[in-house]
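Visitor: I'd like a close look at just one part of this protein. Could you pick a spot on the surface and walk me through it?

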Amino acid sequence: MAKGPEKNTKNKALHTKLLNRKKSKLQEEKKEKALRLKTLITKMNQQNNSNEAEGK
């Protein structure tokens, strides 16, 4: 019985490594974006609170 061609595990390993790197990069960007939004929201809330305090 004839065997098929050998599997190219080197390329598969490199591809998996690249995909994992891409996934982790996207997760980091998502976390950074959420953190930026959170700080911006708190800053805006503080600004609104100070404006309301001055108006009263």
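Guide: Let's go to the nonpolar patch made by L37, L40, I41 and M44, which sits on the surface. Taken together, these four residues have about 370 Å² of accessible area. Keep in mind that you're looking at a predicted model.

Start with L37, which has its place in helix α1, the stretch covering residues 9-55. Its relative accessible area is 45%, so L37 counts as partly exposed; that label covers values between 20% and 50%. Now look at N48, which also lies in helix α1. N48 has a relative accessible area of 38%, so it is partly exposed too.

Now zoom out from the patch. The protein chain has one helix and zero strands, and its C-alpha atoms fill a box of roughly 90 × 15 × 5 Å along the principal axes.

What about the inside? Of the 56 residues, 0% count as buried. The chain exposes about 6100 Å², with carbon and sulfur atoms supplying 56% of that.

Last, the charges: there are 16 positive and 6 negative side chains, and the centres of these two sets lie 12 Å apart. So that's the setting for our patch of L37, L40, I41 and M44.

Terms used. Residues are numbered from 1 along each chain as its sequence is written. This is a predicted model: local features need pLDDT of at least 70, side-chain atom pairs count only at pLDDT 80 or more; totals for chains, interfaces and linings use all residues. Side-chain values use heavy atoms; hydrogens and water are left out. Patches are made of residues with over 30% relative accessible area and no salt bridge: like charges are joined within 9 Å, nonpolar side chains (Val, Leu, Ile, Met, Phe, Trp, Tyr) within 5 Å. Accessible areas come from the Shrake-Rupley method with a 1.4 Å probe; for residues, only the protein chains shown count as cover. A salt bridge is a side-chain nitrogen of Lys or Arg within 4 Å of a carboxyl oxygen of Asp or Glu. Helices (H or I, at least four residues) and strands (E, at least two) are DSSP runs, numbered from the N terminus. Buried means under 20% relative accessible area, exposed over 50%, partly exposed in between (1.4 Å probe, protein chains only). Lys and Arg count as positive and Asp and Glu as negative; His and the chain ends are not counted. The place of a charge is taken as NZ of Lys, CZ of Arg, CG of Asp or CD of Glu.
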